[in-house]
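Student: Could you walk me through this one while I have it open? I would like to go piece by piece and jump around a bit.

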Amino acid sequence: MSTPHNSANKGDIAKLVLMPGDPLRAKFVAETYLENPVCFNNVRGMLGYTGTYKGHRVSVMGSGMGMPSIGIYSYELFNFYGVEAIIRIGSTGAMRADIDLYEVILADSAYSESSYAEQFCGYTDKVMLPNAQLNAQLKESAEKLNYKLIGGCVNSSDVFYYDESVMAANVSKALNEYHCVCAEMESFALFANARKLGKKAACLLTVSDNIVTHAETTPEERQQSFTRMMEVALQVSELYD
């Protein structure tokens, strides 16, 4: 069985999928951490791999950028391939000066002005939640690895390049009304899909830049250096094999 966006057959994909935005980060995770990784998809260059981590089967696949893109890929994984849980492992821009580059953030909610959830299934909520059990498992994983996690609401935006005339108001709303700690572009849609389909979703983010201090990482660093969130996510594979 295949879909318009995924050439995998049923059974090719594990019950747990790690989902970075960048397909090259998916390739990096597979080649760095997985034993005997097999590429199950390269349609449109959206690479997906299945292998084992410490003996436990796990998959990793890119989602692309933005809510429509992760909406498509995560829906197909959940609905057609029997995936039970997706952990987004992405990059994010910190919205507070006291959050440094490479800090790892675990989303405890995702705020968005996007119409994705309403158009998808009629949800009108401005905030979507991850799965509480999966978040608890990720926290336990981080504790075992002695890695720090910052919890908080993430701002899932449809826009990367804001016009200056509206940027200040949008940032102020995210900070002051929803107490967002960082900005990204996918988690709200992932959480909406999981909620509707009765699946589990969570989001780990590594700080790639800071919109307050203007510190930033390079594209190469974003592909290959965000290893702590990868390791935290991989540790829970034993619970879904």
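Tutor: Let us begin with Gly-152, which lies in strand β8, where strands (E, at least two residues) and helices (H or I, at least four) are DSSP runs numbered from the N terminus. Keep in mind that this is a predicted model, in which local features need pLDDT of at least 70 and side-chain atom pairs count only at pLDDT 80 or more, while totals for chains, interfaces and linings use all residues. Residues are numbered from 1 along each chain as its sequence is written, and side-chain values use heavy atoms, with hydrogens and water left out.

Student: Is Gly-152 buried or exposed?

Tutor: Gly-152 counts as buried because its relative accessibility is 6%; buried means under 20% relative accessible area, exposed means over 50%, and partly exposed is in between, with a 1.4 Å probe and protein chains only.

Student: And which residues is Gly-152 in contact with, leaving aside neighbours within four places in sequence?

Tutor: With those neighbours set aside, Gly-152 is in contact with Leu-106, Ala-107, Asp-108, Ser-109 and Val-181, contact meaning heavy atoms within 4.5 Å. By contrast, the C-alpha atoms of Gly-152 and Glu-118 are separated by 23 Å, although the two residues are 34 apart along the chain.

Student: Asp-108 is on that list, so where is its place?

Tutor: Asp-108 sits in strand β6, which covers residues 104–111, and at 41% relative accessibility Asp-108 counts as partly exposed. Leaving aside neighbours within four places in sequence, Asp-108 is in contact with Leu-129, Pro-130, Asn-135, Gly-151, Gly-152 and Cys-153.

Student: How much space lies in it, and what kinds of residues make up the lining?

Tutor: The second largest pocket holds about 180 Å³ of space, a volume being the space filled by probe spheres set on the grid points, which are joined across faces, edges and corners. Its lining divides into 4 nonpolar, 6 polar and 3 charged residues, where Ala, Val, Leu, Ile, Met, Phe, Trp, Tyr, Cys and Pro count as nonpolar, Asp, Glu, Lys and Arg as charged, and the others, Gly among them, as polar. Both β8 (150–156) and α5 (164–176) supply at least two residues of that lining, and the largest share, 3 residues, comes from α5.

Student: Now the helices: at what angle do α4 and α8 cross?

Tutor: The axes of α4 and α8 cross at roughly 115° and come within 8 Å; axes are lines fitted to C-alpha atoms, for helices over the stretch in contact, and angles run from 0 to 180 degrees between N-to-C directions. The contact is made by Leu-138, Ser-141, Ala-142 and Leu-145 of α4 together with Glu-231, Val-232, Ala-233 and Gln-235 of α8, and these residues divide into 5 nonpolar, 2 polar and 1 charged.

Student: What about α1 and α8?

Tutor: Helix α1 (residues 23–33) and helix α8 (residues 227–235) have axes that come within 12 Å and cross at roughly 65°. On the α1 side the contact involves Arg-25, Phe-28, Val-29 and Tyr-33, and on the α8 side Thr-227, Met-229, Met-230, Glu-231 and Leu-234.

Student: Why is α6 described as largely enclosed?

Tutor: Because 8 of the 11 residues of α6 are buried, that helix is largely enclosed by the rest of the structure. Lys-196, which is found in α6 (residues 187–197), counts as partly exposed at 46% relative accessibility, and Lys-196 touches Phe-120, Cys-121 and Tyr-123, not counting residues up to four places away in sequence.

Student: Last topic, backbone angles: what is the phi of Arg-44?

Tutor: Arg-44 has a positive phi of about 60° although it is not a glycine, and its place is in the loop between β2 (35–41) and β3 (48–53). Most residues other than glycine have a negative phi. Asn-146 likewise has a positive phi of about 60° without being a glycine, and Asn-146 lies in the loop between α4 (132–145) and β8.

Definitions and conventions: 1 Å grid on protein atoms, 1.4 Å probe; cavity = no way out; pocket = protein on both sides within 12 Å on 5 of 7 lines; lining within 4 Å.
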